[in-house]
Amino acid sequence: MRSSELSSIEVSAGRTEVKNGFVFHWVAAVEYKTKKGCVEYLMPAMGHRILRILERWSQPYRARLAKMYGPRKSWCILQLRTGESTMAIRLH
């Protein structure tokens with residue numbers, strides 16, 4: 001995972017699924033270099049714990065930014081969970 005994909009991770013980007021008794025942890029991000037758009041990367045369970053910690057830690061900062069600029073929608077996560085294949089345009 002490149003630094004550009006790391007910087008595109010949003011709140012609630014992690015998900016867990018169980019297939020045939022095996023647990024898989026995924027994180028959603030935007031793939032910029034090859035222009036794939038929204039993708040999911042397999043990650044270890046500890047990565048999900050780290051995501052939750054960073055979500056809690058960043059909450060006051062995100063609240064302050066939302067107050068200044070208004071709330072943002074998580075287009076990438078919404079796109080992956082609904083199964084749409086078109087790339088969403090993200091405005092920062």
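**Entry 1: the nonpolar patch**

I began at the surface and found a nonpolar patch formed by Met-46, Ile-50, Leu-54, Trp-57 and Tyr-61, with about 550 Å² of accessible area together. A reminder to myself: this is a predicted model.

I then took some patch members one by one. Leu-54 sits in helix 2, which covers residues 45–69. Its relative accessible area is 45%, so I noted Leu-54 as partly exposed. Trp-57 comes out at 56%, and because the cut-off for exposed is over 50%, I wrote Trp-57 down as exposed. Tyr-61 has 40% relative accessibility and therefore counts as partly exposed.

**Entry 2: aromatic rings**

How many aromatic pairs does a search of the whole structure find? I got 1. The partners are Trp-57 and Tyr-61, with 5.3 Å from centre to centre and 45 degrees between the planes. I logged the pair as tilted, because stacked needs planes under 30 degrees apart and edge-to-face needs over 60.

Where do the two partners stand relative to each other along helix 2? Trp-57 and Tyr-61 are 4 residues apart there, which means about one helical turn separates them. I was pleased to meet both residues again, as Trp-57 and Tyr-61 also belong to the nonpolar patch of my first entry.

**Entry 3: salt bridges**

Next I turned to the charged side chains, and my list of salt bridges for the structure has 2 entries.

In one of them, Arg-15 pairs with Glu-17, and the closest N and O atoms are 3.6 Å apart. In the other, Arg-15 pairs with Glu-40, with 2.7 Å between the closest N and O atoms.

Putting the contacts together, I sketched Arg-15, Glu-17 and Glu-40 as a linked network of salt bridges.

**Entry 4: for my own recall**

Definitions and conventions. Residues are numbered from 1 along each chain as its sequence is written. This is a predicted model: local features need pLDDT of at least 70, side-chain atom pairs count only at pLDDT 80 or more; totals for chains, interfaces and linings use all residues. Side-chain values use heavy atoms; hydrogens and water are left out. Patches are made of residues with over 30% relative accessible area and no salt bridge: like charges are joined within 9 Å, nonpolar side chains (Val, Leu, Ile, Met, Phe, Trp, Tyr) within 5 Å. Accessible areas come from the Shrake-Rupley method with a 1.4 Å probe; for residues, only the protein chains shown count as cover. A salt bridge is a side-chain nitrogen of Lys or Arg within 4 Å of a carboxyl oxygen of Asp or Glu. Helices (H or I, at least four residues) and strands (E, at least two) are DSSP runs, numbered from the N terminus. Buried means under 20% relative accessible area, exposed over 50%, partly exposed in between (1.4 Å probe, protein chains only). Rings of Phe, Tyr and Trp (its six-membered ring) pair if their centres lie within 6.5 Å; planes under 30 degrees apart count as stacked, over 60 as edge-to-face and the rest as tilted.
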